[in-house]
Amino acid sequence: MSGWVAVLSFPGSNGDRDALSAFRDDVGVEARLVDHRETALEGASAVVLPGGFSYGDHLRCGAIARFAPVMASVRSFANRGGPVLGICNGFQILTEAHLLPGALLRNRTLQFHCHWTHLRFEGCDNAWLSNIQPGEVLRLPVAHGDGAFFADLETLDRLEANGQVIARYCDVDGRLSPTSNPNGSSRAIAAISNEDGNVLGLMPHPERATSPLIGGDDGLRLLRSVLDVLAVPV
Amino acid sequence: MAIAPGQWREVALSDDEYRLLVDVLGREPTPLELGMFGAMWSEHCGYKHSRPLLSQLPTEAQWVLEGPGENAGAIDVGDGLAVVFKVESHNHPSAVEPYEGAATGVGGIVRDIFTMGARPIALLNSLRFGPLDLPRNRYLLDNVVGGIGGYGNCLGIPTVGGEVFFDPSFNGNPLVNAMCIGVTEHGALMRARASGPGNVIMLVGADTGRDGLHGATFASVDDPTASHRGVIQVGNPFLEKLLLEACLELLQGDDVVAMQDLGAAGLTSSVVECASRGGVGAEIDVALVPRRETGMSAYEVMLSESQERMLLVVRPEGAARVRSVVERWSLHASQIGQVTDDGVVRVLDGGTIVAEVPAGLFTDCCPTYVREGAEALEATARRSLDLTTIPDLPGDAEADSQSVAGCLLHLLASPNIASRRSIYERYDHTILANTVVAPGVGDAAVLRLRGTGRGIAAAIDCNSRYCALDPYLGAMHAVAEASRNLVCVGAKPLAITNCLNFGNPERPSGYFQLSQAVAGMAAACRALDVPVVSGNVSLYNETGEIPVMPTPAVGAVGVLEDVRNHASLRWHDGDVVVLVGGAAPSLGGSEYLSRRHGLTAGSPPPLDLEQELLVQRTVQGAVEAGLIRTAHDCGLGGLAVALAEMAIASGIGVSIDIDVPAGQSNRRDEAWFGEAPGRILVAGAEKDIQTFLALVEGKRVTATRLGTAGGSRLAAPGWIDVEVAELAAAHTSGLPGSTQ
């Protein structure tokens with residue numbers, strides 16, 4: 001196996017170490033932190049934008065991180081078809097960088113929420129979902145204040161038509177209900193893909209669901225997909 | 001500039017204290033020196049009333065690596081790892097500006113932990129507010145919780161536990177205590193002792209502004225709301241996150257010989273304490289301190305409590321390396337002075353000496369007071385109330401508010417018992433991916449320690465009502481309860497940190513409460529073998545001469561040898577439910593008396609520390625051995641509430657087979673809702689319970705089979721028969737979901 005997973009580290013990232021250890025210790029692949037000032041991602045097979053409060057979430061979540069030097073490399077990596085995963089703040093950064101459509105707004109309650117959620121996976125035509133079948137329900141925690149996915153109706157319809165809606169918040173049986181949508185996301189969307197299926201953004205935290213000891217290991221289902229792409233440097 | 005008569009009162013020094021100052025200094029102080037003495041000799045920094053009392057507390061054990069005196073205490077948890085922890089109050093700022101007050105409270109305690117070289121891995125908090133029917137109290141709760149979450153979530157430190165209690169005595173004076181836990185290797189523990197004359201003193205992090213001027217003094221006088229808002233510090237968790245990472249990186253090298261955060265009394269206290277602990281002197285020039293405002297005087301620079309700043313003592317040859325690490329984290333480091341060998345703290349302003357005081361005068365010469373305590377007559381009367389005059393609950397099982405079941409629902413909806421979900425879900429408790437037992441799941445939080453099979457557990461507790469009725473006994477209960485909560489998840493209690501929240505100690509009744517509570521705490525710590533390794537004192541918590549209920553909050557930390565063997569509140573269908581511990585329940589000081597009869601009265605339940613230890617060791621051993629995976633302390637609301645809480649947490653009912661009152665009390669209310677220490681409910685499969693009961697035999701510990709878990713109802717024939725969903729609805733209704 002060659003290649004490695006690049007976990008980006010912005011000032012204020014706080015999920016970077018969790019993502020790093022999830023890939024290293026739980027998935028068992030080489031993973032390295034990449035500083036926001038780096039401009040090259042030579043040899044990386046996958047890029048992860050972790051959770052946190054990059055640049056203190058000043059101005060708008062992800063709005064400043066978008067301009068970090070490393071982001072130019074992330075853009076060209078994505079344009080070459082490289083797998084990019086944005087978790088929570090990473091998802092917010094990807095939308096700000098227009099690598100994913102839509103935006104993440106303040107939660108419906110206007111408050112931060114941390115709890116475990118269920119997600120129903122739908123479109124699975126994405127590099128990060130090689131181990132997940134459409135219709136599967138995974139249990140992952142959320143922890144965010146700005147997680148309500150928003151896009152205009154036209155964009156939402158296009159995402160649905162293209163199979164870019166990857167997962168929705170649901171109840172334990174996979175059903176959607178008003179109470180299973182924790183943050184007021186449009187159409188209960190928790191995760192979306194870009195058109196090419198190599199960029200994935202999700203609000204829940206797969207890197208915090210890596211062992212039954214800490215509440216569940218469903219996150220590994222998603223993270224282990226890097227095993228399929230690691231042999232292929234982009 | 002001469003000191004005008006009475007000017008010392010502006011910095012809260014008494015006439016006698018000022019005379020002492022002139023005496024030890026041998027001259028009149030400069031205005032800056034007066035300000036520095038005012039801060040260092042404040043109750044907050046100088047522990048004037050508490051220091052003589054605190055010496056009673058046991059602070060040593062084989063596993064204690066660092067006791068009180070440093071920025072935080074440290075204990076050995078095995079495998080070469082040290083766990084560093086401390087609790088601190090931020091009551092007065094939170095009363096005035098609850099969001100920023102609570103946020104900077106978290107920021108301060110987190111700095112105390114990483115100053116020791118430990119990476120923070122968990123936060124807990126202990127909160128007190130007035131009743132939520134007052135809009136001001138809802139505002140305070142909402143903003144304090146928001147501030148704690150806003151800061152801790154951004155730092156990426158999980159908030160894994162806490163407690164909250166409501167009583168009218170906290171109107172206008174909420175209590176906000178934040179506890180932080182960090183982990184490091186033994187060899188990496190850092191101390192805040194300046195050494196090596198010639199070493200340079202650097203200031204890292206935020207620029208210095210006028211915020212928080214004289215915060216330490218302001219926290220040491222009555223009625224803080226009378227002071228102006230300008231003294232409240234404003235937090236920037238993003239900056240603190242950078243400071244945290246920069247400091248932890250610096251501590252991996254040898255360039256930094258000491259580190260001290262800037263908290264209460266800002267630069268004054270950090271320079272003085274660093275020099276005094278190290279037995280050296282320090283010379284700094286305020287002109288070299290980066291400011292965020294123009295026109296600041298030396299006085300303002302020395303007493304500013306701007307947040308997110310750290311003082312470093314650095315070997316001269318390492319200064320450039322330190323600067324480069326700090327700059328890589330987008331911060332700057334300024335050399336503001338150096339360590340000297342004359343033991344004097346010398347402050348210059350552009351080369352002119354503006355203060356020159358031997359460091360020891362600030363610390364060792366700080367006056368201490370031992371006063372005469374006397375219990376308030378009102379407290380004696382409350383404790384002595386004859387509880388037999390209170391009518392018992394009727395004996396029939398009708399589901400109205402007069403029945404045992406109706407009373408249970410009423411208690412579950414009490415803000416002091418109700419589900420804390422609406423609070424803890426606003427805190428990130430899953431980040432760092434170590435949370436094994438999360439809030440609401442067990443009696444204490446459990447975290448795994450990476451790279452080992454071990455875990456640690458933490459809980460923070462205090463029954464303020466018990467302490468109001470009997471501060472000695474109440475403080476003993478606080479230690480016993482915190483420790484009991486650890487054993488209920490399977491951890492061996494190792495040590496505690498305390499936060500002593502009291503009223504004015506200059507009043508005999510206030511001093512009585514403080515001195516009695518410290519004595520009671522010392523007794524319980526000795527009996528349960530949990531030394532005090534760190535702590536904080538917050539006095540003058542009163543509004544209009546009405547003191548808060550005395551609240552010696554106890555944060556306890558324990559270790560699990562094998563973190564897989566832990567317990568939670570959740571039982572399984574068919575589990576046998578057993579009550580461990582035979583202490584008789586009592587109505588004295590109970591939540592039942594308060595909620596049902598509006599009374600804070602009676603004596604808190606007696607506490608047999610020897611029996612307590614036996615019960616705790618029995619349960620801890622059974623969980624550690626993997627025999628028991630379900631355990632819950634009987635706390636507020638007694639046996640009935642504890643059973644209901646387990647049923648709610650599991651979503652599974654229970655059927656009680658024995659006549660509970662017959663074995664507990666001749667009063668129905670006391671049997672079901674009376675409180676007593678040393679009582680733990682455990683549950684498990686029949687064969688495991690058999691083994692457990694065999695182990696318990698001959699241990700002088702009572703264990704009573706109560707019934708079997710299963711179904712959807714909490715049923716005790718003749719007494720209670722309620723759907724678990726109905727219990728859960730009552731439990732959820734007690735705290736507002738959103739208190740905007």
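Two residues are in contact if their C-beta atoms, placed from the backbone, lie within 7 Å. Helices (H or I, at least four residues) and strands (E, at least two) are DSSP runs, numbered from the N terminus. This is a predicted model, in which local features need pLDDT of at least 70 and side-chain atom pairs count only at pLDDT 80 or more, while totals for chains, interfaces and linings use all residues. Residues are numbered from 1 along each chain as its sequence is written, and chains are lettered from A and ligands numbered from 1 in the order in which they are written.

I start with α1(A), residues 16-27. At 1.5 Å times one less than its number of residues, its 12 residues should span 16 Å, and the end C-alpha atoms are 15 Å apart, which agrees. Its buried residues (20 or more other C-beta atoms within 10 Å of their own) are D16(A), D18(A), A19(A), A22(A), F23(A) and V27(A). Their cover includes the strands β1 (4-9), β2 (31-35), β3 (44-49) and β4 (84-87), together with α5 (219-223) and α6 (226-229), of chain A. Just after α1(A), G28(A) has a positive phi of about 85°.

Next, the chain contact. Chain A puts in 23 residues and chain B 26 residues. On the chain A side, β6 (113-121) and β7 (137-144) give two or more residues, and β6(A) gives the most, with 3 residues.

Last, a helix pair in chain B. The axes, lines fitted to C-alpha atoms over the stretch in contact, with angles from 0 to 180 degrees between N-to-C directions, come within 7 Å for α6(B) (98-115) and α7(B) (135-155), and cross at roughly 35°. Among the residues that meet are V106(B) and V110(B) of α6(B), and L140(B) and I148(B) of α7(B).

Notes:
A residue is buried if 20 or more other C-beta atoms lie within 10 Å of its own, exposed if 12 or fewer, and partly exposed in between; C-beta atoms are placed from the backbone.
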